[in-house]
Amino acid sequence: NPNIYIIDAPGLLDFTNQKLVQVAFYDEGLKMTGQRAWAPEMSYDMNSGLYYIYFSDNGFVDKDGNAGGPIYAVTSKDLNDFSYPYIYFNPGYSVIDGTIENINGYYWLLYKDERKAAQTIFYSSSNTLSGFNKAYDDRFLSLIKYMEGPFVFTNKDGGYFLYMDNYPKGKFYAATFTKLGEENDIKWFEPTQYQLPEKDVRHGSVIEVTKQELDKIIDKYK
């Protein structure tokens with residue numbers, strides 16, 4: 001589907017104003033099929049006042065039979081009007097499932113390398129949300145193949161948690177780290193050290209809420 005859903009949810013209590021927004025279009029120059037907008041995520045840039053919505057459309061096949069695609073993005077100031085898509089990250093091979101975290105003053109894009117020899121998660125860095133170009137893809141974050149849908153969130157004790165979806169097995173793997181770059185300190189948990197809902201669950205994300213917001217959410221949905 002070339003469209004993404006956008007739904008208003010003040011306080012995560014009521015979901016209103018649902019709409020579909022087309023973000024993917026057929027564009028030979030961008031190697032975009034216009035058939036899909038996979039795994040959309042959004043980051044807000046306080047400096048420019050822009051929302052960056054990034055997604056994958058990796059089905060394009062060129063005249064020589066090479067398939068693949070970069071990660072694309074559109075921007076918006078109000079989530080009503082959107083820019084035309086542009087190439088957000090292109091390491092030279094097919095990539096999907098981007099997610100972004102601001103770590104130690106840099107933006108880090110974690111993504112899935114779709115090449116058959118990889119099929120796992122690497123990362124790229126940038127000092128701006130407008131795009132990524134520096135890829136750290138010379139070492140695996142995990143020796144287990146068929147990982148996708150990474151998501152990262154802050155560890156209250158310092159550092160970050162990283163989760164990856166091992167899609168053939170329908171389960172998540174979890175790690176913790178404090179830094180990324182030429183060297184990282186990723187440490188993987190044993191399966192007995194964490195618990196997640198794993199029945200028919202894919203990808204994932206975490207939203208931070210205040211204690212007051214959490215109490216209201218629990219009261220409504222308990």
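Here are legends for a few close-up views of this predicted model.

**View 1. The largest pocket and the residues around its centre.** This pocket holds about 1,600 Å³ of space. Its lining runs to 42 residues, and E41, M42, S205, V206 and I207 sit closest to the centre. Split by class, that lining has 25 nonpolar, 10 polar and 7 charged residues.

**View 2. Strands that line the largest pocket.** Strand 3 gives the most, with 7 residues.

View 3. With a relative accessible area of 18%, T176 falls under the 20% cut-off, so it counts as buried. A polar atom of the T176 side chain lies 3.0 Å from the backbone oxygen of Y160. Leaving aside residues up to four places away in sequence, T176 touches N155, Y160, F161, D185, I186, K187 and F189.

**View 4. The largest nonpolar core.** There are 23 residues in this core, and L110, L162, F177 and L180 have the most contacts inside it. Strand 10 (106–113), strand 11 (120–126), strand 13, strand 14 (160–166) and strand 15 each give it two or more residues. Strand 15 gives the most, with 5 residues.

**View 5. L180 and a second core.** Again leaving aside residues up to four places away in sequence, L180 touches I103, W108, L110, Y123 and I186. A second, separate core has 17 residues, L50, L109, A118 and F122 among them.

Terms used:
Residues are numbered from 1 along each chain as its sequence is written. This is a predicted model: local features need pLDDT of at least 70, side-chain atom pairs count only at pLDDT 80 or more; totals for chains, interfaces and linings use all residues. Side-chain values use heavy atoms; hydrogens and water are left out. On a 1 Å grid over the protein atoms alone, a cavity is a set of points where a 1.4 Å probe fits but cannot get out, and a pocket is an open set with protein on both sides within 12 Å along at least five of seven lines; lining residues have an atom within 4 Å of a point. Grid points are joined across faces, edges and corners, and a volume is the space filled by probe spheres set on the points. Helices (H or I, at least four residues) and strands (E, at least two) are DSSP runs, numbered from the N terminus. Ala, Val, Leu, Ile, Met, Phe, Trp, Tyr, Cys and Pro count as nonpolar, Asp, Glu, Lys and Arg as charged, and the others, Gly among them, as polar. Buried means under 20% relative accessible area, exposed over 50%, partly exposed in between (1.4 Å probe, protein chains only). A polar contact is a pair of N or O atoms within 3.5 Å; within protein, one must be able to donate a hydrogen and the other to accept it, and residues adjacent in sequence count only if both atoms are side-chain atoms. Contact means heavy atoms within 4.5 Å. A nonpolar core is a set of buried Ala, Val, Leu, Ile, Met, Phe, Trp, Tyr and Cys residues joined through side-chain atoms within 4.5 Å.
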